[in-house]
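I opened this notebook to record what I looked up in one structure. The entries follow the order in which I consulted the model.

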Amino acid sequence: MISVNSNNEWDTLKEVILGTADHMNWSTTEDFRSKFKSAPVGKVPNTIIYQTNNALESFKKLLERHGVNVLRPEPINYQERNGFGCYSPRDSILIIGDKAICSPMHLKDRLMEQEALTPHLIGRSVIMYPEQDSEYMFDAANVMRCNNDIIFLISSTGNYGGARWLQNVLGNEYRVTTIPKTVYHGSHLDSTIVPLREGLVMLNAERVTEETIPSFMENWDKLWISKDDIKDTPTITQPISTKWMALNILSINPELVVCDPDQFILREKLNRVGIESIGVKLPHARYLLGGHHCTTLDTIRE
């Protein structure tokens with residue numbers, strides 16, 4: 001059994017857990033509704049589930065063609081249990097080296113998603129469960145990994161207590177750098193600061209400024225993406241996320257990423273810095289709150 005090992009966002013991808021739309025549901029619990037007032041209510045329609053799972057199957061086949069071992073979440077009926085669904089494994093578990101950190105999660109109903117993921121990690125990683133303490137909070141997707149440097153977004157889904165807890169757990173080998181809520185207060189980091197390889201980062205020009213770039217990235221090359229670079233493509237369902245979902249890309253290796261096929265300017269800009277892109281359409285990404293980065297959890301990179 002090969003141990004979990006993933007230290008950054010760009011090394012060659014060898015194994016990943018790819019999400020599923022099975023039994024997706026917009027929870028009706030008080031915690032979920034009070035924190036996410038704009039969310040739909042009740043079961044995700046079967047048509048959306050079917051179309052999304054077909055798209056994820058295409059994503060799976062692409063990854064396998066590039067030598068990636070693709071795992072899938074264990075089945076859970078989120079509709080019966082009044083949860084959300086394991087469409088975005090990235091949100092609930094953070095892999096750093098051989099550690100699998102089950103994040104305390106902003107939306108507590110989503111903790112059950114970890115039950116669908118940990119069977120793939122038991123015996124292969126050091127699994128850590130933070131206490132459910134209101135003093136610290138973070139979703140795993142508040143974090144981006146750059147080897148020993150860890151970027152942590154302070155937002156509606158992550159606070160300074162969570163950043164301090166993560167630093168204490170990781171120890172002096174790692175440095176956790178916080179990004180203030182003024183950069184992006186919404187939720188997760190992976191549509192704002194996207195490390196592409198050692199020394200190159202893609203930045204959301206509507207949110208990030210030269211003053212708010214992490215200090216360790218000051219001398220990195222920067223690929224600035226403006227709002228005019230992003231195509232606001234028509235969506236089948238009412239979008240909840242913004243068009244900046246387009247930056248939610250997955251690196252297969254430092255020269256190849258998976259992204260939305262319709263983002264022509266973004267793909268051309270990536271090409272200019274030596275990064276090829278492959279398009280896979282996730283038709284309900286902005287409704288189900290996850291692009292190619294969110295819907296994957298890389299367990300092994302080499």
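Entry 1: I took buried to mean under 20% relative accessible area, exposed over 50%, and partly exposed in between, with a 1.4 Å probe and protein chains only. The model is predicted: local features need pLDDT of at least 70 and side-chain atom pairs count only at pLDDT 80 or more, while totals for chains, interfaces and linings use all residues. Residues are numbered from 1 along each chain as its sequence is written, and side-chain values use heavy atoms, with hydrogens and water left out.

I then searched for disulfides (pairs of cysteine sulfur atoms within 2.5 Å). A disulfide is a covalent bond between the sulfur atoms of two cysteines. The structure holds zero disulfides. Cys86 is in none, and the nearest cysteine sulfur, that of Cys102, lies 11 Å away. Cys146 is likewise in no disulfide; its nearest cysteine sulfur belongs to Cys294, 17 Å away. I also recorded that Cys86 has 0% relative accessibility and therefore counts as buried.

**Entry 2: salt bridges.** Side chains of opposite charge can pair when their charged atoms come close. I counted a salt bridge where a side-chain nitrogen of Lys or Arg is within 4 Å of a carboxyl oxygen of Asp or Glu. How many salt bridges does this rule give? The count comes to 17.

I examined Arg90 and Asp298, whose side chains meet in a salt bridge of 2.5 Å, N to O. Arg90 lies in the loop between α3 (78–81) and β5, and Asp298 in strand β17 (residues 296–301), so the pair ties together parts that are 208 residues apart in sequence. For these names I used DSSP runs numbered from the N terminus: helices are H or I of at least four residues, strands E of at least two. Are Arg90 and Asp298 buried or exposed? Arg90 is buried, with a relative accessible area of 5%, and Asp298 is buried at 1% relative accessibility.

Next I looked up Lys269 and Asp229, which form a salt bridge of 2.8 Å, N to O. Lys269 belongs to helix α6 (residues 264–272) and Asp229 to the loop between β13 (221–225) and β14, so this pair connects parts 40 residues apart in sequence. Both Lys269 and Asp229 are buried.

Within helix α6 I found Glu268 and Arg272, four residues apart, about one turn of the helix. Their closest N and O atoms are 3.5 Å apart in a salt bridge. Glu268 is partly exposed at 36% relative accessibility, whereas Arg272 is exposed, with a relative accessible area of 62%.

**Entry 3: His293.** I located His293 in the loop between α7 (285–288) and β17. His293 is buried, with a relative accessible area of 4%. Its side chain makes a polar contact of 2.7 Å with that of Asp190. A polar contact is a pair of N or O atoms within 3.5 Å; within protein, one must be able to donate a hydrogen and the other to accept it, and residues adjacent in sequence count only if both atoms are side-chain atoms. Leaving out residues up to four places away in sequence, the residues that His293 touches include Glu9, Arg90 and Asp190. Contact here means heavy atoms within 4.5 Å.

**Entry 4: two sheets.** Strands of a sheet pair through backbone hydrogen bonds, either parallel or antiparallel. Two strands pair if DSSP finds at least two bridges between them.

I traced an open sheet of three strands in the order β14-β15-β16, with mixed pairing. β14 (250–253) and β16 (276–279) stand at its edges with a single partner strand each, so one side of each is left without a neighbour in the sheet. β14 and β15 (residues 256–259) are antiparallel over three bridges, and Asn253 stands opposite Leu256 in β15. Helix α2 (residues 46–65) packs on the sheet, touching β14, β15 and β16, and its direction makes about 25° with that of β14. For angles, axes are lines fitted to C-alpha atoms, for helices over the stretch in contact, and values run from 0 to 180 degrees between N-to-C directions.

I also traced an open sheet in the order β5-β6-β7, with mixed pairing. Strand β6 (residues 99–102) runs parallel to β7, joined by three bridges; Ile101 has Met128 in β7 as its bridge partner. Helix α5 (residues 160–170) lies across β5, β6 and β7, at about 155° to β6.
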